[in-house]
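Hi everyone, thanks for making the time.

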Amino acid sequence: MDDGVASWRCDLTPLLTYPTVDELGARAAALAARHPRDARLRRVGVSRAGTPLWLLSAGHGSRQALVVAGPHANEPVGGATVLRLAEHALADHRFTDGADVTWNLLLCLDPDGLRHNERWLTGPYTLGRHFRHFYRPGFSEQPEWLPDGAASAALPETRALLALQDELRPFLQCSLHGVDVGGGFVELTHDLPGLDRRVAAVATRLGVPRELGAYDALYWPVLGPAVYRIPPPHRRDLAAAITEAAVESTWYHPYGYGTVTAVVEAPMWGVAAVGNGTPHPDPEGELRSVSRTLRRDTGLLGALAARIRPYVADVPDADRLLAPVDDYLLICPGLADAWDPDCGNDSAHPLPLMTTARLAALRLAGRRLALRTAGLLHQLVTRAGHDPAGALPELDRLIDARCADLRDALGARWIGVDRQAEYQARVVRAVCALVVRRPPGASRSGEPGWGAGPAVPMHRE
């Protein structure tokens, strides 16, 4: 198996738009029909709404690789990526039977959520359109999270994934995620020396910025530029589990089988500053600015939500849209305080050295949270068909201002769907190549005492 960096596109189908749920199923079925000896398509579960969860398997190797697309409803790149991986695996048997690997590709873990994003999914791709039609369920409705452990998994999508992990006992699991605005990075349950260099080569070739201070991994160990180690599980109460959910998740469930899990993030809009690891000239000033803006936006959005809530109660799916709004409004004040150098509450988990990249990631995170909340409220008012509270103009002004900040001040630029999928697929292949070569019993991390202490919060939420 190659290192995932060399060109391997062959005659792959161009991807100009993200595939919808129905397109994913149709294209996977067509691939299986064209390759009846080497590809199998089977249903491995159903969603809460009864949508089938489809698994496309390619090859006949004894080692099982599991790739999970669509774990977050608003991150559709994984569907494009698994189609890309399947086409390539079926076109070149060196990457299946030749490597003794069977690729098991879960087309979409949250198809119901993906359907709720279809108003922006096929373009045109603008920041305003994306956030005005954004949907991502509340924390407790995201299928990779296990706040109460695997035995208490409530969602059928979660139970289907856990059963698949137990059936396959994969040597590798890749969870495909998307960054709306920022750069690409990888999170690992085990150290894979050399992955950072391979990711850098892929990113450079495709013009994708790397996140050298990713917000998701702000407090996590760094294994190399844009490569982070996921802390081992540490049971906590429900409130902590919601805000530290990356350490209580399906990412670690197959760990006992020796599975290496990689979370591969690919950006939709790239921002060059997230790849700038140099010291920032005024980190405290930037932190104050980011915190102040998030605090102000949260106050405005909280007041708008209170004005909107009474007259949207009868809007179809109002509860579904309000659940993530309530989650964001709950966590944002604590985040603003955690980032603010004047609040003095970081003694337990102080912020790491604030490079230009990390500060850019925090600024993006603050804008993202405000835009998501505003977009969900915008949908509620629009669906209500009337606006007695006069909220819509205020929401439009906030969305336009924050999108302009992303575009003009931070330089966010669209990365084509085909390039996003190519980047993510190559990184998956690079991870697989390293895991295949990994000696049995290899160290789980390059850092001593990696599992001795409690897990560190994911976002200091």
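Predicted model: local features only at pLDDT ≥ 70, side-chain atom pairs only at ≥ 80, totals over all residues.

Residues are numbered from 1 along each chain as its sequence is written, and side-chain values use heavy atoms, with hydrogens and water left out.

The chain's secondary structure comes to 13 helices and 10 strands. Those are DSSP runs numbered from the N terminus, with helices being H or I of at least four residues and strands E of at least two. Of the 461 residues, 61% count as buried, and buried here means under 20% relative accessible area, using a 1.4 Å probe and protein chains only. Contact means heavy atoms within 4.5 Å. Among contacts between residues at least 6 apart in sequence, 83% join residues at least 24 apart.

Now, the helices. How do α11 and α12 pack? Helix α11, residues 356-384, meets helix α12, residues 391-409, at an angle of about 150 degrees, with the axes 9 Å apart. For the geometry, axes are lines fitted to C-alpha atoms over the stretch in contact, and angles run from 0 to 180 degrees between N-to-C directions. α11 and α12 are therefore roughly antiparallel to each other, a label for angles over 145 degrees. On the α11 side, the residues in this contact include L364, L371 and L377, and on the α12 side they include L395, I399 and L406. By class, the contact has 13 nonpolar, 3 polar and 5 charged residues. In that scheme Ala, Val, Leu, Ile, Met, Phe, Trp, Tyr, Cys and Pro are nonpolar, Asp, Glu, Lys and Arg are charged, and the others, Gly among them, are polar.

α11 has another partner. Helix α9, residues 283-308, packs with α11 at about 10 degrees, the axes being 10 Å apart. That makes α9 roughly parallel to α11, the term for angles under 35 degrees. Among the residues making this contact are L287, V290 and L294 of α9, and L362, A370 and L377 of α11.

Let's move to the core. A nonpolar core is a set of buried Ala, Val, Leu, Ile, Met, Phe, Trp, Tyr and Cys residues joined through side-chain atoms within 4.5 Å. The largest one has 122 residues, and L195 and W339 have the most contacts inside it. Its largest share, 15 residues, comes from α11. Leaving out residues up to four places away in sequence, W339 touches, among others, L287, V290 and L294, as well as L362 and G366.

Beyond neighbours within four places in sequence, R372 is in contact with N74, F131, F134, R136, D180 and Y328.

Last stop, two loop residues. P76 lies between β3 (63-68) and α2 and is buried at 5% relative accessible area. P76 and M268 are 192 residues apart in sequence but 9.7 Å apart in space, C-alpha to C-alpha. T96 is in the loop between α2 (77-91) and β4 (101-106), buried at 2%.

Thanks, and I'm happy to take questions!

How values were computed:
Parallel < 35°, antiparallel > 145°, perpendicular 65-115°, else oblique. Buried < 20%, exposed > 50% of the residue type's maximum accessible area, 1.4 Å probe, protein only.
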